Amino acid sequence: MILRLSGLAALVALAELLPRLGVVSPDYLPPASGIAAALGREAATASFWTAVGDTLVAWAIGLAVAVTAGVAAGLLVGAVPVLRAWTASTIEFLRPIPSVALIPLAVLLYGTGLGSSLLLIVYAAFWQVLVQVLYGVADVDPVADETARSFRFSPWARVRHVLWPTALPYVFTGIRLAAAVALVLAVTAELVIGSPGLGAVIAVAQSSGAVPVMYAMIVVTGVLGVLINVGARLAERRFLAWHQSVRGEVAL
Amino acid sequence: MLEVIGLRKVYRTDRREVEALRELTFTVGAGELVCLVGPSGCGKTTLLRCIGGLLEPSGGTVRVDSAPVAGPPAGMAVVFQEYGRSLFPWMSVRDNVALPLRQKKLPRGRVNSLVGEALQAVGLEGTETAYPWQLSGGMQQRVAIARAVAYEPSILLMDEPFAAVDAQTRADLEDLVRSLWQRLGVTILFVTHDIDEAVYLGQRVIMLSASPTVIQDELTVDLPDKRNQLHTRADPRFTALRTHVYEQIQAAKIAAQPSPGPVR
């Protein structure tokens, strides 16, 4: 932990020193203290918190929709072999389409509103979840499933007690990946389309020459990313305590 | 009572057919403990899965208490060899044992008392809140046995349940199966590749040929009902019986060698 923090401290020191020593122009990279000061000033304004709120709302709604749809579609497609075979090539075609390629479509449909951000976020995050759930469903142990069948579990009970717990670690991986991607797309949509949020603030700061503010906002998006990842990890530890990736040493 | 009549299983793939079970007919009477033993790869697991209703046979029928088996029959429980995969790692020991009972829609009080009794019967009191993976292999298989016992089956199928535990644990578990069988009056079909185990446990031993499988021989174990790891295994009658089974298994292996199974 100390080592990691000292690494971060070194990075901050470097960002302070490089512009001060004139290695890079302070016009393009203001010293870390300048960025921190700009961040402090911004944090005191209501508009900053509105922007953070806008970004997080778009992120949360988009992620929730993507996770719900991805889990539902993944369980359905994964559990029905015919559907799996039937949709495989479609999924492989649609999945690699970069979400940003849909920006013109989003603008066409929703203008610069929240809908545009959501379209991009949901599209990008959905595949992350879907693919993980498909892996998870395919990972069901045949012995566990035969055990459930031999005790005459209903089809629903087999989904509830065998398939779902098996898929859960994959679902969490999917959520963690989707949460990160959703933030990227939320900021991208705000930057490019101009829907309200941190991305829009970055774009405005850049075009008005407020370079320290621009950097401060970039730092904020980074902090949000870290917090989201930490939150997802904590949730994994909480809900997957039984899984070998979390449980650690086995006491025999 | 379990009846297996003319059971046949052929695995078909696009290119070839593999005849696993050719023709198997035998009966396990109510309350009997019968061991099935055969050379490795003789289709023991295929047979057990057909009996358990987990696999559709290609011909013949299996009847449990005169009702033909189509899908896992009520009143039957299976103990698998791979206890680590058969128990659910996301559930505590108590929930693992209780889950099949909840599926049977038993009242909560009944579930709790059955779980408690079953865990006590296998000597696992006090492990209720542990997860299976926190227990040793032998204890995990005890949990699986407790789960089967709590289900109150009339027939218990055991598929090489002790193949993956060490020799000392294995002896303890063999005695556990004998004592549970005597106490509960359950019918047990016990599949094993271990000749000594088959003779030690069973009232009867059915020997299987190599694949495609038929019944090679059948033997009544005329040892006293009260068995003991030390004295029973030292009994000359035990030695004679195990020699007989051993010879039959060897004969089955040799008979299988000239033709490596029909591949059409």
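Is Asp194(B) buried, partly exposed or exposed? Asp194(B) is partly exposed, because its relative accessible area is 21% (buried means under 20% relative accessible area, exposed over 50%, and partly exposed in between, with a 1.4 Å probe and protein chains only).

This is a predicted model, in which local features need pLDDT of at least 70 and side-chain atom pairs count only at pLDDT 80 or more, whereas totals for chains, interfaces and linings use all residues. Residues are numbered from 1 along each chain as its sequence is written, chains are lettered from A and ligands numbered from 1 in the order in which they are written, and side-chain values use heavy atoms, with hydrogens and water left out.

**Salt bridges in chain B**

- A salt bridge is defined as a side-chain nitrogen of Lys or Arg within 4 Å of a carboxyl oxygen of Asp or Glu, and by this rule the count over all chains comes to 23.
- Asp194(B) forms a salt bridge with Arg170(B), at 3.4 Å from N to O.
- Asp194(B) lies in the loop between strand E8 (187-192) and helix H7 (195-201) of chain B, and Arg170(B) lies in helix H6 (residues 167-184) of chain B, so the pair ties together parts that are 24 residues apart in sequence. Helices (H or I, at least four residues) and strands (E, at least two) are DSSP runs, numbered from the N terminus.
- Arg170(B) is buried, with a relative accessible area of 14%.
- A salt bridge also joins the side chains of Asp196(B) and Arg242(B), at 2.9 Å from N to O.
- Because Asp196(B) lies in helix H7 of chain B and Arg242(B) in helix H9 (residues 236-256) of chain B, this pair ties together parts that are 46 residues apart in sequence.
- Asp196(B) is partly exposed at 22% relative accessibility, and Arg242(B) is partly exposed at 26%.
- A network of salt bridges links Arg170(B), Glu174(B), Asp194(B), Asp196(B), Glu197(B), Arg233(B) and Arg242(B).

**A salt bridge within a helix of chain A**

- Arg233(A) and Glu236(A) are joined through their side chains by a salt bridge of 3.9 Å, N to O.
- The two residues are separated by about one helical turn, because they are three residues apart in helix H10 of chain A.
- Arg233(A) is partly exposed at 44% relative accessibility, whereas Glu236(A) is buried at 10%.

**Helix packing**

- Two packed helices are described by the angle between their axes and the distance between the axes.
- Axes are lines fitted to C-alpha atoms, for helices over the stretch in contact, and angles run from 0 to 180 degrees between N-to-C directions.
- In chain A, helix H8 (residues 155-192) packs with helix H10 (residues 211-239) at an angle of about 170°, and their axes are 10 Å apart.
- H8(A) and H10(A) are therefore roughly antiparallel to each other (angles under 35 degrees count as roughly parallel, over 145 as roughly antiparallel, 65 to 115 as roughly perpendicular and the rest as oblique).
- In chain B, the axes of helix H3 (residues 93-103) and helix H4 (residues 108-121) cross at roughly 130° and come within 9 Å.
- H3(B) and H4(B) are therefore oblique to each other.

**Backbone features of chain B**

- Most residues other than glycine have a negative phi, and most peptide bonds are trans.
- Asp65(B) is not a glycine, yet it has a positive phi of about 50°.
- Asp65(B) is placed in the loop between strand E4 (59-64) and strand E5 (67-68) of chain B, and Asp65(B) is partly exposed, with a relative accessible area of 46%.
- Ser66(B), also a residue other than glycine, has a positive phi near 70°.
- Ser66(B) is found in the loop between E4 and E5 of chain B, and Ser66(B) counts as exposed at 54% relative accessibility.
- The peptide bond that joins Ser211(B) and Pro212(B) is cis, with omega of about -5°.
- Pro212(B) is placed in the loop between strand E9 (204-208) and strand E10 (213-220) of chain B.

**Exposed positions**

- Met1(A) is in the segment before helix H1 (2-20) of chain A, and Met1(A) is exposed, with a relative accessible area of 71%.
- Ala234(B) lies in helix H8 (residues 231-234) of chain B, and Ala234(B) counts as exposed at 59% relative accessibility.
- Ala234(B) and Leu124(B) are 110 residues apart in sequence and 30 Å apart in space, C-alpha to C-alpha.
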